[in-house]
Structures are given as C-alpha cells and as structure tokens.
2 protein chains.
Amino acid sequence: MKNQIRVFAPASVANVACGFDILGFAVEYPGDEVEIKLKDEPGVVISTIDGDNGKLPKAPDKNSVTVPILSFLKHYRIDQGMEIKLFKKTPAGSGLGSSAASSVAGVFAANILLGEPMKQEHLLPFALDGEKAACGIAHADNVAPALLGGFVLIRSYHPLDVVKIPTPDQLYCTIFHPDLEVRTSDARKILKKNIPLKDAIVQWGNIAGLITGLMKSDYELISRSMEDVIVEPIRSILIPGFDKVKKAVMETGALGCNISGSGPSIFSLSRSDEIAKEIGEVMAEQFKLDDVSGEFYYSKINNQGPKVITQDEDEIL
Amino acid sequence: MKNQIRVFAPASVANVACGFDILGFAVEYPGDEVEIKLKDEPGVVISTIDGDNGKLPKAPDKNSVTVPILSFLKHYRIDQGMEIKLFKKTPAGSGLGSSAASSVAGVFAANILLGEPMKQEHLLPFALDGEKAACGIAHADNVAPALLGGFVLIRSYHPLDVVKIPTPDQLYCTIFHPDLEVRTSDARKILKKNIPLKDAIVQWGNIAGLITGLMKSDYELISRSMEDVIVEPIRSILIPGFDKVKKAVMETGALGCNISGSGPSIFSLSRSDEIAKEIGEVMAEQFKLDDVSGEFYYSKINNQGPKVITQDEDEIL
C-alpha cells in the first residue's frame, strides 16, 4: 500500500460562452497540487496551505480539499488518518474553478492511497461536496471537467447526468486572470430571473452548434457558436474593457473569447499553441490600456483530468 | 435535357422535444409528390392539386410548391414555362411540415429539370420562400430537414446557419396525426414571451444532450434528453389526452414522445421498425379512449431528403 502521494488537479472554465451552468472544460495549466500522507492515528488534518495568502480555512470540514475526503472516508466507513498539504496554484475567486481543483485533487489522491476502491468518474459526488463547502452550491460545471478532463456536459442536475464531449485533438485555451474581484454570488445576483424566449432560442441554437462543432472538429462552427446572448452582456460590465479585449483577441485568430465561469477571468479557444500564446499577450496588452493588470495562462485542453505527480510505494509500518 | 420529372419530398418533424425552432428531422413517409413538365410557352402554372380537399391556392405566387420555383427562375433570369402537378400526401396543418415538403419538392424538381445548376443544399433559400408564402414566416426547421434529410440544426437564422447532425443508423420515427385542428399561429400565440432562466438552463442542457446522444449513437442519452420544459407544457393542452398517450408510448419502449412542430401531430423516436409500429398502434388506441381519431405513420429517419421517382429523358423539341 502506498502511504504518500502528490497529485495535480486542473483549473477549469465553466459556462463556455453559450453553455451557462451546463458546460465546462479542463486546462493543463494552472491547477492545484495536493499531497497526502497516511497516518497511523485517525483524523484528517491540513498541515500546510501554500499560495492562498492565508485566506482559506484550515478546518477539514470547511476546506474544499478535505470535505470530499471526509465524505469519501465516511462512505467507506474508514477511519484512516491523513495529513494533507495543499498547494494552491489556481487563484481563488478567479472564475477558474479553484475550489473544484482542490476538491478533485483531494479525493483523487485519497482514492489512490486507499487502493482505488472507486473508479475515477464515480468520485464526482464527493468532489461536489467540496464545491458546496466552498461556494454554497454544488455546481458541477467546474468539478466534472476537473475530474474527468476535456469538455463535460452537465445535461441535468436532478438527477446528476454528466457526459464527456469528444473534442478536436488540436484545441488550445488561453486564460487571462485580471486583478479584479468579482464574487460568484454577486455575479449570479445581477442575472435576470426571466429571459426573452427569443434570446433563449438563440442560446440553445448556439449550444447545439458548439457541441456539434466540437464533436465534428469543425472549428468554424465552434467559432460561430461561441456567442452568449444571455449572461455575457450582463456580466461583462463587471470587467472593464471586456469588449475591446474580446475584439482584439478575435482579430488575433481566436475561435471565441468569453468570460470564464462567473469571471473576472476571461478565456479564449484557439487552434494552436502559438496563437494561444499570442492571444495571452494581446489580452495582457489590452487590459493594461484600461489599467487592469493580471496574469495569463495558456495550454492545450486537458483531456485527462487529475494526475499523479509523485507517489511513495513504502509500506505503512 | 429532361423535360418531365416526378419527385418526392418528405414530411418532417420540427422542434424535436428540446429543440424549439432550431431542430428538425425528415421521415421516409409520408411526403408530397410533385410532377413538373417543361413547356415551350413561358409561365409557371399549377394544373392539378390532388389530396388537398380543394384548400390550397392554385395561383403560382401563392402556393408553396411554386413560389420557390418562381424565386429560382428569377434568380437565374430564366423564363422557362412549367406545368406543375402537386400530389399532397402530407396532411396540411398537421405539424408535419406539409408546406415545406411541397416547397422542397418543387424547387428540387425544377433544379434537376434545368440541368442542376445548383447543389441541393443551396436550394434552401428558395424553399424558404415557399414556407414563407404558406406560413407567413420563413422558419427553416421543416424546410432544412426536408431538403437535406436527417436531423438538421438551424444554429442561427440571422445569418442562416444550417448544420446536419450525424445520427444512429437505426433510428425510427412514429407519427400520429390526430383529427384535430391546431393553427400554427395560435400555437405560437399561447407561448410566453419570457421564460424563467432556470427553465432555459434545463432546456439547453437537454438540447446539448440530445445532439451528443445522436452523434454518439447513445440511445439512453437521446432518451434522457428528449424533454421539453418550455413549450410542450403549454402546447400539449391543445391536444386532448396527450399526457396519457405519452405515458403509454414510453411504456412501449420509445426513446421519447413529443409534439411534432406546433402540433397537433405527435411523434416518437425508437430503435426498431417493430417498436415504431407498435408505438403507432398504442398512439391510435390511446387517443381513441379520448374520442380522438387519426392516422399513424412510421418509418426510418430519412437521411436523403427529396428523391426522384420517375424522369423522362426525352429532349425538348
């Protein structure tokens, strides 16, 4: 039995233009890392949280990395002690699925250390417990792609119905995380409770087009479908200069450019590593014109989800 | 050059559960037949309309079979005379794309007789002129599948963006056309102009699921996704006994059962010819309990669209 492991779980982009609350995808970079060491004495403790500026709770029943682990141990009626180190490399409150990355990393690591009693895709309900602890709502559009990799459709929440969407081999994502604060709860509050039927029709035409484009590897169709007529027009007012940045990004050869999750991060899809990098530079330049600083990331779409970084094969004494 | 042709164009099912205004598919049966004979003297005339109970206009600028032909001839600045015979085998006002079948048959036949100057898929704008003449609105969700065959997504109307969706090889449709009158304009009027965002999210989760299920040949996913929370709850009140019929159909092994277009016809998808037939019988039995008579049709999904029945190779003198 292994007694120690370090894993990575990816950041993710939820909503994806026209897929509000039902679509998300994982990226290769950034993501959170979690180290778990089995202990002889029972109890799950967080010994270290790195990179959170002291903001995250260390109580295991409050932190999104440990809540899924506690649920998992409870499910199996196991009283295994664990010492957890969390390395936050996904900025919190960024719209990049930071809590989902921690939740997935935690339960993914614990499952391996306990001999993989459960298949990876079945860990979703536990990871959702972590998301709920962090956000108050168990939204699956970050957790599911972080766990399963690739593009994931949440067809339904009641019952939970999660479907992985095949995507083109060459698909890249650029993310810009501006130094702005947008609280998920605020971003949700400003949305209208009722929307015009005619706009909803445009939106479901686009989500159907996006899914078809991804599955057919039809980049032009993906690009034409990456339009959000419901949420983006409202939420983008929270992101200074969004329209100008989007225009510049599209002129760089992006397939689309939209808000990531509830923001303030924005993302763009493109066909190559080179364009993805160039888009990041354009995002940074354009935001700078509005005195908004920030950081950009680019990578291929992550089709694997979480992964093991190192593991210790030593037997527990 | 051919001087005479008889063609078939299929009926179609629009909306398809969760795809209101953006999705439709064609069936093998029923459909309209159109015969065109080239004439030496200019002018397009309808000499016969069979099966319409005398209800359709014979004026070429009013009938959906000839309006697309007139548009087509005008586009090419051709003054070719034609004599048209229309055999209506798709019941009008049934929610089965009756006018779309005529529109497609007309322009499909004319294009062939004139030496196929245009590819089949490019005939769509002309066929839409016919739909507009019949319905007042150029909705493409019947015309596009009738012309292209299979499942067709209308991703966008402005600009028109039409995408064919790959589907499972074994996919069957049953249609029941009850002897009830529901006018498309009435069926549209009773819809609400605004809908709750939370319902719209359910709907676009379902349309994304339906597209994914069709493209993956995942029948279970198709079935789970064939739910309409926006339009069906309102429109089904115009169809006596709808809920009971639907329940009985689902118990017969259907993948789904919903209103076809704006009704009153209903349709069901299933995995085999046998089940499709049984569903038709169940539909007829159940409607009879509510004193509603009608007719049922079943066939495979039509992946071809319109087809030539007979053609005359004689040269025009």
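A: Helices (H or I, at least four residues) and strands (E, at least two) are taken here as DSSP runs, numbered from the N terminus. The model is predicted: local features need pLDDT of at least 70 and side-chain atom pairs count only at pLDDT 80 or more, whereas totals for chains, interfaces and linings use all residues. Residues are numbered from 1 along each chain as its sequence is written, with chains lettered from A and ligands numbered from 1 in the order in which they are written.

The buried residues of α10(A) are Ala276(A), Ile279(A), Gly280(A), Val282(A), Met283(A) and Phe287(A). A residue is buried if 20 or more other C-beta atoms, placed from the backbone, lie within 10 Å of its own. These buried residues pack against β7 (172-178), α9 (242-251), β10 (266-270) and β11 (294-300) of chain A. After the helix comes Asp291(A), with a positive phi near 60°.

In all, 34 residues of chain A are in contact with 34 residues of chain B, contact being C-beta atoms, placed from the backbone, within 7 Å. On the side of chain A that touches chain B, two or more residues come from each of β5 (151-157), β6 (160-165), β8 (194-196), α6 (197-216) and α7 (219-225). The largest share, 13 residues, belongs to α6(A). Because 100% of the interface residues of chain A are also interface residues in chain B, the copies meet through the same surface.

Strands also pair across the chains (pairing requires at least two DSSP bridges). β8(A) and β8(B), residues 194-196, run antiparallel and are joined by three bridges; Pro196(A) has Asn194(B) as its bridge partner.

Within chain B, five of the seven residues of β5 (residues 151-157) are buried, and the strand is mostly covered. β5(B) pairs antiparallel with β6(B), residues 160-165, over six bridges, and a hairpin through two residues joins these strands. The bridge partner of Tyr157(B) is Leu160(B). β5(B) is also joined by three bridges to β2(B), residues 23-39, in an antiparallel arrangement, where Phe25(B) is partnered with Phe151(B).

How values were computed
Contact = placed C-beta atoms within 7 Å. Buried ≥ 20, exposed ≤ 12 C-beta atoms within 10 Å, placed from the backbone.
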